[in-house]
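Me: I have a structure open and would like to talk it through with you. Could you start with the terms we will need?

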Amino acid sequence: MNTSINFPNLGIHLSNVGKSISIGGFEIAYYGMIIACGMILGLCIAMWVAKKTNQNPDQYFDVALYAIPIALIGARAYYVIFSWDQYKDNLIHILYFREGGLAIFGGVIAAVITFYVYVKIKKQNFWLMADTACVGLVLGQIIGRWGNFFNREAHGGVTTCFLRMGLVENGALQYFHPTFLYESVWNLTGFVVLHFLSKKRKFDGQMFLAYLAWYGAGRMVIEGLRTDSLWLGPVRVSQLLAAVTMLLSLGILLYQAIFVRHDPAKMQVNRVAAAEAAKAAEAQPEETAEPEDAASEPEDEVSEETESSEESKE
């Protein structure tokens, strides 16, 4: 089997790109390793943002313990449901995750539902935590898409475009749309956009809605180029969901921008910061009171010495 991958216009020619690494006779897929790295780094960045915005980072670690495994199950379930003909006669293969067959949209849906339930049980602010978590989520997607590179999957149809990717299929070199690359770069751009938006957001939930709109817009277009889409009749399922997600999110953002007057001071992060500043201001007079008392002691001593010297003169 020819395992070469090349991007001729970028000057990249890789002659031997394997799909896994063998450790002690056990094959570990690069796909799984990259997905795991994406999840870990995504969690780390979410916890970092939480700490920076006066939240409790441990809450994000705790919810990840539930959200990550459920997201994997959701990604698998989504794929199996829309590829039922492939599994209906071999149900046991539904459990064979190592054979591939994960749909990121299913993972995102499952993760968001799990996140919502957890936050409500813990009686936290869902929109605030969603704003923080979406930064880690999009970073995980940026990294995770490169698992498709090693699997030589999730690419588009034959093309002559500048970024075309060369693969040997059926004994012949063909060039395809590297849709995994398109989506990774699109999400990277979204990551930068969210970073700057975080400095100017006006209400809790704004970043999360912006993420959904951004991801939905990109996925809607990119999905139309892929050759391995999951179908529901004549419709690409992920393309339909991406369009609905984008339109709903944009609709809410536009409504908030036009009809709702927001006071950034009411955001949870700013309220916490204001409360801490107030506490610091209250503590300040107590700290400065001691030096004043200490300064008055030498004055008393000087006055006593003056009085005693006057008495001695008399």
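Reply: Let me begin with burial: a residue is called buried when its relative accessible area is under 20%, exposed when it is over 50%, and partly exposed in between. Please keep in mind that this is a predicted model.

Me: Fine. Where does Cys44 fall on that scale, buried or exposed or in between?
Reply: Cys44 has a relative accessible area of 44%, so it counts as partly exposed.

Me: And Cys134, buried or exposed?
Reply: Cys134 is buried, because its relative accessibility is 2%.

Me: How many disulfides does the structure hold?
Reply: The structure holds 0 disulfides. A disulfide is a covalent bond between the sulfur atoms of two cysteines, and the cut-off used for such a pair is 2.5 Å between the sulfur atoms.

Me: Changing topic, what is the secondary structure of the chain?
Reply: The protein chain comes to 10 helices and 8 strands.

Me: What about the overall dimensions?
Reply: Taken along the principal axes, the C-alpha atoms of the protein chain fill a box of roughly 120 × 50 × 40 Å. The radius of gyration is 29 Å, whereas a compact globule of 314 residues would have one near 20 Å.

Me: Now Asp131, where does it sit?
Reply: Asp131 is in helix H5, which covers residues 126–144, and it counts as buried because its relative accessibility is 2%.

Me: Which residues does Asp131 touch?
Reply: Leaving aside residues up to four places away in sequence, Asp131 touches Arg201, Phe203, Asp204, Gly205, Gln206, Met207 and Phe208. Leu173, by contrast, is 42 residues from Asp131 in sequence, and their C-alpha atoms are 44 Å apart in space.

Me: How about contacts across the chain, what share joins residues at least 24 apart?
Reply: Among contacts between residues at least 6 apart in sequence, 65% join residues at least 24 apart.

Me: On to the backbone, what is the phi of Asn54?
Reply: Asn54 has a positive phi of about 65° although it is not a glycine. Most residues other than glycine have a negative phi. Asn54 lies in the loop between helix H1 (30–52) and helix H2 (57–81), and with a relative accessible area of 36% it is partly exposed.

Me: And what is the phi of Ala154?
Reply: Ala154 is not a glycine either, and it has a positive phi of about 55°. It is found in the loop between helix H6 (146–151) and strand E5 (165–169), and Ala154 is buried, with a relative accessible area of 4%.

Me: Last one, where does Lys88 lie?
Reply: Lys88 lies in the loop between helix H3 (84–87) and helix H4 (104–121), and it is partly exposed at a relative accessible area of 41%.

Terms used. Residues numbered from 1 in each chain as written. Predicted model: local features only at pLDDT ≥ 70, side-chain atom pairs only at ≥ 80, totals over all residues. Heavy atoms only, no water. Helix = DSSP H or I, 4+ residues; strand = E, 2+ residues; numbered from the N terminus. Rg over C-alpha atoms; globule rule 2.2 N^0.38 Å. Contact = heavy atoms within 4.5 Å. Buried < 20%, exposed > 50% of the residue type's maximum accessible area, 1.4 Å probe, protein only.
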